[in-house]
Amino acid sequence: RIKSVWECGCLFDGEEWLRMIKYFTCGDLTFQEAYRKTGRVLCITISATTKKAPPVLLNYVTAPDVVIASAIIASAAVPGF
């Protein structure tokens with residue numbers, strides 16, 4: 001992991017994370033597709049882009065076309081880096 005931090009400035013490889021997450025989220029499934037398939041609401045929060053803004057809530061109402069795997073990766077991001 002230290003080699004990864006040194007070479008690309010990140011602890012984990014984003015492509016590797018995306019590949020693993022897509023396995024658990026049925027590939028490129030969007031929030032809208034997941035809601036239609038299950039009838040359950042999945043909510044993921046991501047950090048705000050500014051200090052005074054509240055966190056952003058992603059679900060089938062607020063972001064229906066967002067791919068769940070990309071939302072999970074965005075939720076793991078540390079703001080300011």
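Helices (H or I, at least four residues) and strands (E, at least two) are taken as DSSP runs and numbered from the N terminus. On this basis the chain has four helices and two strands. Their order along the sequence is α-α-α-β-β-α. The model is predicted: local features need pLDDT of at least 70, side-chain atom pairs count only at pLDDT 80 or more, and totals for chains, interfaces and linings use all residues. Residues are numbered from 1 along each chain as its sequence is written, and side-chain values use heavy atoms, with hydrogens and water left out.

The C-alpha trace of the chain spans about 45 × 35 × 15 Å along its principal axes. Of the 81 residues in the chain, 21% are buried. Buried means under 20% relative accessible area, exposed means over 50%, and partly exposed lies in between (1.4 Å probe, protein chains only). Contact means heavy atoms within 4.5 Å. Among contacts between residues at least 6 apart in sequence, 61% join residues at least 24 apart.

Helix α2 covers residues 14-24 and helix α4 covers residues 68-75. Their axes come within 9 Å and cross at roughly 130°. Axes are lines fitted to C-alpha atoms, for helices over the stretch in contact, with angles from 0 to 180 degrees between N-to-C directions. Angles under 35 degrees count as roughly parallel, over 145 as roughly antiparallel, 65 to 115 as roughly perpendicular and the rest as oblique. The α2 and α4 pair is therefore oblique. Helix α2 contributes Gly-14, Trp-17, Leu-18, Ile-21 and Lys-22 to the contact, and α4 contributes Ala-69, Ile-72 and Ile-73. By class, six of these residues are nonpolar, one is polar and one is charged. Here Ala, Val, Leu, Ile, Met, Phe, Trp, Tyr, Cys and Pro count as nonpolar, Asp, Glu, Lys and Arg as charged, and the others, Gly among them, as polar.

Lys-22 also forms a salt bridge with Asp-28. The closest N and O atoms are 2.9 Å apart. A salt bridge is a side-chain nitrogen of Lys or Arg within 4 Å of a carboxyl oxygen of Asp or Glu. The structure holds one such bridge. Both partners are partly exposed: Lys-22 has 28% relative accessibility, and Asp-28 has a relative accessible area of 48%.

Asp-28 is also touched by Val-67. Val-67 lies in the loop between β2 (56-58) and α4. Not counting residues up to four places away in sequence, Val-67 touches Gly-27, Asp-28, Leu-29 and Thr-30. Val-67 is partly exposed, at 22% relative accessible area.
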